[in-house]
Amino acid sequence: MVPRVVYGRGSFDQLADIILPNRRNSEAPFIFLVDDFFQGKELEQRIPWLFNDQIIFISADEEPKTAQVDALVQKIKNDFDEAPSGVVGIGGGTLLDLAKAVAIMLNNKGCASQYQGWDLVGRPAVYHVGVPTISGTGAEVSRTTVLLGPDKKLGINSDYTPFDQVVLDPDLVATVPKAQWFYTGMDCFIHCVESLEGTYLNAFSQSYGEKAHDLCQEVFLGDLPQNKAEEKLMMASWHGGMSIAYSQVGVAHAMSYGLSYVLGTKHGLGNCLVFQHLQEFYPRGVALFLKMKEKHDIDFPHGLCKGLTASELETMAQIALSMEPLWENALGKNWKDRITQDQLQQIYQKI
Ligand code: NAD
Ligand code: ZN
């Protein structure tokens, strides 16, 4: 779990004080990995850099890759004689995952792809701080950093992955475009549904999942003023992430991985595209989801899988089916008797 968290509007300005005790000396920099949306914006001026700290702006247009992590680590090692004092990720799930992975790889030998899996990281990461600027993924609280590698899309799941410190400042999400707000927010809602409806559910996951589910309903179906909605969705994301920490996600995430692997569809949108067709698995969740979509007048792209070849569709379904723990959580130990590749291909063809 994340051991330290600060919450509140304006709390971003406490970052200087928060990281100060972790500065080893003036030669050991802090590296700020920042979503390039903020380049030239007011937030850039508020990043508390000192001495020879480095700010690296990164585009979140594509999901993080293992090669990108390796290149960043190499650049940091080339640029400085001293090892960094810390890494700060500022952005959505993409930047948070990059910051976690870079912090791990600065202290571990080899390439990031060698650590994709469960508990393969041998040495603690460099001190790392997460500052989310969009709510929903739960990446700020989770024990994984999801990376696209040369042959798989899989997280580095380890006890060294979670941030040492998180700063939750709801002011930072004000500029998120509406469609992106919905896609990433629905990632959180889908985490809750998949956790609460899953066979891995336990009292720990349920207590967080129910809270996050309620908050999502308030945010997406209630009539909250914008500031309250921002604050509640930030906490929904946190609780949704905590809920899956001790259970698993399910059908939508498995199928969204397939979509992303073949078409590069981003996580939030991919989950939405799949989830709208999952009535047979999550009838109540999908009904609520469709109500939320209608209330906010959100349109999804159509016909994404229309032009795919038979072999591309097969790959999509095979990638989805390879996520075994997700299926076991969703459908139970005998999940292989309950789902076929053909069924999945039929769902994909509706997208
Ligand atoms: P993102 O980080 O990919 O960003 C989406 C878009 O929003 C980008 O264009 C970005 O520039 C923009 N953006 C971010 N903050 C903004 C702001 N305040 N104002 C304006 N624009 C802003 O979005 P995401 O949905 O948060 O993250 C998706 C990523 O998270 C995927 O790579 C996925 O694999 C990962 N993920 C990780 C976990 C985990 O537990 N580690 C869980 C779920 C998803
Ligand atoms: Zn997710």
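Guide: A polar side-chain atom of Thr-175 lies 2.7 Å from a nitrogen atom of ligand 1. This is a predicted model, where local features need pLDDT of at least 70, side-chain atom pairs count only at pLDDT 80 or more, and totals for chains, interfaces and linings use all residues. Residues are numbered from 1 along each chain as written, chains are lettered from A and ligands numbered from 1 in written order, and side-chain values use heavy atoms, without hydrogens and water.

Visitor: What makes the Thr-175 pair a polar contact?

Guide: A polar contact is a pair of N or O atoms within 3.5 Å, and the Thr-175 pair is at 2.7 Å, so the pair counts. Asp-35 has a polar side-chain atom 2.8 Å from an oxygen atom of ligand 1, and Thr-133 has one 2.8 Å from a nitrogen atom of the ligand.

Visitor: How do you know which atoms are donors of the zinc ion (ligand 2)?

Guide: Donors are N, O and S atoms within 2.8 Å of the metal (3.2 Å for Na, K and Ca); water is not among the atoms, so sites may look incomplete. Asp-187 (OD), His-191 (NE2), His-253 (NE2) and His-267 (NE2) lie 2.1 to 2.2 Å from the zinc ion. Their spacing along the chain is D-x3-H-x61-H-x13-H.

Conventions: Polar contact = N/O pair within 3.5 Å; in protein donor to acceptor, adjacent residues only side chain to side chain.
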